[in-house]
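Please read them beside the sequence and the coordinates.

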Amino acid sequence: VAQTYTRVGQEDKARECTEQAIACYTRAIELNVEDFNPWYEKGLLLIKLKRFKEAFECFDAILKFSPNSWRAWCSHGTSLMYLNSYQEAITSLDKALELNSTAYEPWFNKAKSLFVLEQFTEAIPNLLKALEINPKALEDSVRDSGMQVSEQILDPDFLVQKLEEQQHVLKTSPNSVDAWRIRGEILESIGNPEKAISLYDRALDLSDESEFTETTLLSKGKILQRNKKYEDALICYEEALKIKSGNKRTWFDKGFLLSKLKKYEESVNAYKKALEIDDNYFSAWNNISDSFNQLGWYTESLEASERAVSLNSNSEKAWNNLGIALKGLGEFEKAVDALKKSVDIKEDYQNAWDNLSSSLSKLELYNDSVDAYIKAYPLSSKGYEAWNQKAENLIIAGRREEAVIAYKRALKIKPNNIKTLEKLGQQLRILHHYEEAISVFDKTLKIAPKNQAAWF
């Protein structure tokens, strides 16, 4: 029976029904307290939910009956690391490495703990060993942490270069500005943005040269921006611009942050500064057109988005911005053309499909509008509503077989929706598909035994 609960828990986990999975694992543990799998799987899910103390308790429980499991020791150490008990974490991770030195996770998490403790000399070889075993260790760590980083940071070669720089700096000038900045970059790359920021601040406290200060401010601003601390990042960029006002990328990043903060007029001014430096700066033209659209300044957006498209005709975002501007100016046919180019480039571009749907609706092309809306929201409640609307449009047009297909697509999103089951059953009955209609009505009655339409 315990194994059944574990299996159901695995199925719930696969469907991302995390709390249900935890409940199943907990029941399995109650039935067999020395079963490794439910303890271990429950602990991993609790780490994912950032419930680190409960996760630690799971792995601690495993070690009482399975003291030679390297996975348990590794996860034990990892949960301690997340609880900021770094020295204790290292002890557990060392035990995992005694049992299995070929797994990258204990090497990697030991390195992370050592870096936080600022034991850089010891940390670097552990991190290099982890990367030797698994070159994608960085990508895995960042994905698990939920942190947003640049693609450069995810490049193992970039990190190895930084580690080599750090080894050199440790020997020559361990307390220099450059040393602390590089350490910050390393901490960011292994998924610890908070510690990285504190090291950038250490570098800024030491810096008295404008070039080093600007570089460090930009590094700090980038990590704050990627982790959605926009106001703090904005301060970094503004300070960097006081040092070097001719950096187009810094003006662009300032504009991006201002738009994220919904300060669109200010973002326009920042993008204009970037374009004064480089009139062929595609990203600035593209983003300024978006800010114009947000302000409802569609004439200005049209000019900017046309320039963006002329610089990069393969950008789905540029065509989408052009479509929004044209839609805002009432040029719906031209908007449809632009938005179709956007979704041709990126088929799953939700915003463009949404804009295409509303533009088609303005042209009274309702079936096409519904199809575009479904593309925008295929698996959401909005997609469910769109499939229902499409079914009703098809019934009006006398296309009942196609309406049945549309209702079935709606039920894939909401399989137990009574109203849609009723409508599907009714259409099947009208089409003389009696056996299938009975099956649908039977399902309806299991969910709602007093449903009159199904009984009828």
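1. Valine 1 has a relative accessible area of 72% and is therefore exposed; exposed means over 50%, buried under 20%, and partly exposed in between, with a 1.4 Å probe and protein chains only. Valine 1 sits in the segment before α1 (2-14). Helices (H or I, at least four residues) and strands (E, at least two) are DSSP runs, numbered from the N terminus. Together with Tyr5 and Leu31, Val1 makes a nonpolar surface patch of about 290 Å². Patches are built from residues with over 30% relative accessible area and no salt bridge, joining like charges within 9 Å and nonpolar side chains (Val, Leu, Ile, Met, Phe, Trp, Tyr) within 5 Å.

2. On the basis of the note: this is a predicted model, in which local features need pLDDT of at least 70 and side-chain atom pairs count only at pLDDT 80 or more, while totals for chains, interfaces and linings use all residues. Residues are numbered from 1 along each chain as its sequence is written, and side-chain values use heavy atoms, with hydrogens and water left out.

3. Overall content: the chain has 27 helices and zero strands. Of its 456 residues, 48% are buried. Among contacts with a separation of 6 or more, 46% are between residues 24 or more positions apart; a contact means heavy atoms within 4.5 Å. Accessible areas come from the Shrake-Rupley method with a 1.4 Å probe, and for residues only the protein chains shown count as cover.

4. Cysteine 24 is in helix α2 (residues 18-31). Its relative accessible area is 13%, so cysteine 24 is buried. Beyond its neighbours within four places in sequence, cysteine 24 is in contact with Tyr5, Val8, Gly9 and Asp12. Tyr5 is also one of the residues of the nonpolar patch in point 1.

5. Is lysine 42 buried or exposed? Lysine 42 is buried, because its relative accessible area is 15%. This lysine is in helix α3. Not counting residues up to four places away in sequence, lysine 42 touches Ile22, Tyr25, Thr26, Ile29 and Cys58. Alanine 21 is 21 residues from lysine 42 in sequence, and their C-alpha atoms are 7.8 Å apart.

6. Salt bridges, taken as a side-chain nitrogen of Lys or Arg within 4 Å of a carboxyl oxygen of Asp or Glu, number 21 by this rule. One of them joins lysine 13 and glutamate 41, with the closest N and O atoms 2.7 Å apart. This pair links distant parts of the chain, 28 residues apart: lysine 13 is in helix α1 and glutamate 41 in helix α3 (residues 36-48). Lysine 13 is partly exposed at 33% relative accessibility, whereas glutamate 41 is buried at 14%.

7. Glutamate 98 and lysine 95 form a salt bridge at 3.8 Å, N to O. They are three residues apart in helix α6 (residues 86-99), which means a separation of about one helical turn. Glutamate 98 is exposed at 62% relative accessible area, and lysine 95 is partly exposed at 28%.

8. Aspartate 348 and lysine 346 also form a salt bridge, with the closest N and O atoms 3.0 Å apart. Aspartate 348 is exposed, with a relative accessible area of 57%; lysine 346 is partly exposed at 31%. Elsewhere, salt bridges that share partners join Glu19, Arg51 and Glu54 into one network.

9. Leucine 224, in helix α13 (residues 210-226), is buried at a relative accessible area of 4%. Leaving out residues up to four places away in sequence, leucine 224 touches Ile197, Lys229, Asp232, Ala233 and Cys236. Leucine 234 is 10 residues from leucine 224 along the chain, and their C-alpha atoms are separated by 8.9 Å.

10. Which residues gather in a patch of positive charge on the surface? They are Lys228, Lys260, Lys262 and Lys317. Lys and Arg count as positive and Asp and Glu as negative, while His and the chain ends are not counted. The place of a charge is taken as NZ of Lys, CZ of Arg, CG of Asp or CD of Glu. Lysine 262 lies in the loop between α15 (248-260) and α16 (264-277), and counts as exposed at 63% relative accessibility.
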